[in-house]
Amino acid sequence: METIYIAVFSVTLIGIICAAVLCIASKFMQVKIDPRINELTECMPGVNCGACGYPGCSGYALALLSDNNIKTNLCTPGGFEVLEKISRILGVETGSIEKKCAIVFCSGDFNSRNKKMEYAGIKSCEAAKQLYGGENSCANGCLGYGDCKTACPGNAICMEGGLARIITNLCTGCALCVKACPNALISVLNTCTPVFVLCKNTEKGSVTRKKCSRGCIGCGKCARECRDKAITIENNLAVINYEKCSGCNTCIEVCVVKCIKGSYLPAVS
């Protein structure tokens with residue numbers, strides 16, 4: 001019986017000593033957490049899109065508190081409302097935020113593109129891409145199964161004629177659609193961007209024309225007619241230098257296949 005008492009006493013004593021050590025350690029080794037972290041996280045949209053360049057809303061909130069040089073206007077989905085709240089919590093000047101919107105760089109809908117086969121698999125762009133690049137002749141174009149639409153948290157994407165289109169007044173620029181597109185056709189740009197070449201096909205013009213009547217054929221007419229000399233032909237595709245472009249829209253008017261569009265395009269609804 002005495003042996004049992006000794007064992008119980010020993011275990012109890014060890015428990016008390018360990019508890020005391022843990023209490024002391026928690027006192028001297030605790031990591032201080034800024035109470036503003038919860039406020040910052042709660043004021044953010046919670047999309048966790050990574051458009052700010054950090055791993056989710058909490059990651060951005062932590063970065064703001066740990067580095068005073070981090071910009072407060074990086075939350076594109078939150079817009080000015082979130083910027084205002086962040087600035088108030090941190091006690092800094094509000095400033096301004098750029099409105100951004102996603103753009104689908106393809107104009108090949110059902111009426112303009114040709115098929116190379118009939119796809120009967122899973123209705124997913126990612127799945128279709130695995131089967132010889134999808135059913136369309138142009139392997140660089142929109143696959144048309146709406147992976148981007150599924151990824152969009154704001155219902156800002158619709159499918160029109162087998163082609164993804166952005167509802168510009170609903171788009172927050174979160175860039176989740178960018179990650180969802182297996183053909184890398186979507187980019188998030190400033191809404192002030194004047195014109196876009198809605199094609200990513202870099203094949204020769206004669207090949208592109210057989211696959212899609214709206215694809216850039218690299219004829220160079222837009223480059224020759226551009227008043228600002230802001231367009232060059234690279235890999236059979238027209239490329240716009242936005243530092244030079246003044247938005248004169250001459251390229252839109254002269255484009256043979258009408259694949260160059262302006263930012264004035266109305267929102268699809």
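Colleague: In which helix is the place of Leu 13?
Modeller: The stretch that holds Leu 13 covers residues 2–28. In this predicted model, that stretch is helix H1.

Colleague: Is Leu 13 buried, partly exposed or exposed?
Modeller: The relative accessible area of Leu 13 is 40%. Buried would need under 20% and exposed over 50%. The value for Leu 13 lies in between, so Leu 13 counts as partly exposed.

Colleague: What separates Glu 81 and Lys 85 along helix H4?
Modeller: Helix H4 runs over residues 79–90 and holds both partners. Glu 81 is exposed at 52% relative accessibility, while Lys 85 is partly exposed at 31%. The two are 4 residues apart in helix H4, so their separation is about one helical turn.

Colleague: Which residues are linked with Lys 115 in a network of salt bridges?
Modeller: Lys 115 has a salt bridge to Glu 118, with the closest N and O atoms 3.7 Å apart. Lys 115 also has a salt bridge to Glu 135, where the closest N and O atoms are 3.8 Å apart. The residues linked with Lys 115 in the network are therefore Glu 118 and Glu 135.

Colleague: How many residues apart in sequence are the parts that Lys 115 and Glu 135 tie together?
Modeller: Lys 115 is in the loop between strand E1 (100–104) and helix H5 (125–130). Glu 135 is in the loop between H5 and helix H6 (147–151). The pair therefore ties together parts whose separation in sequence is 20 residues.

Colleague: Is Glu 135 buried or exposed?
Modeller: Lys 115 is partly exposed at 42% relative accessibility, and Glu 118 is exposed at 66%. Glu 135 has a relative accessibility of 8%. Because buried means under 20%, Glu 135 counts as buried.

Colleague: Which residues lie nearest the centre of the largest cavity?
Modeller: This cavity holds about 130 Å³ of space. Its lining has 8 nonpolar, 8 polar and 3 charged residues. Of the 19 lining residues, those nearest the centre are Cys 106, Gly 108, Cys 138, Gly 141 and Cys 212.

Colleague: How far apart in space are Thr 208 and Cys 138, C-alpha to C-alpha?
Modeller: Thr 208 is in helix H8 (residues 205–211) and is buried, at 1% relative accessibility. In sequence, Thr 208 and Cys 138 are 70 residues apart. In space, their C-alpha to C-alpha distance is 7.5 Å.

Colleague: Which residues are the closest to the centre of the second largest cavity?
Modeller: The second largest cavity has about 110 Å³ of space. It is lined by 18 residues, and the closest to its centre are Cys 125, Cys 142, Leu 143, Cys 148 and Cys 181.

Colleague: How many nonpolar residues are in the lining of the second largest cavity?
Modeller: By class, this lining has 4 polar residues and 1 charged residue. The number of nonpolar residues in the lining is 13.

Technical notes: Residues numbered from 1 in each chain as written. Predicted model: local features only at pLDDT ≥ 70, side-chain atom pairs only at ≥ 80, totals over all residues. Heavy atoms only, no water. 1 Å grid on protein atoms, 1.4 Å probe; cavity = no way out; pocket = protein on both sides within 12 Å on 5 of 7 lines; lining within 4 Å. Points joined across faces, edges and corners; volume = space filled by probe spheres on them. Nonpolar A, V, L, I, M, F, W, Y, C, P; charged D, E, K, R; others polar. Buried < 20%, exposed > 50% of the residue type's maximum accessible area, 1.4 Å probe, protein only. Salt bridge = Lys/Arg side-chain N within 4 Å of Asp/Glu carboxyl O.
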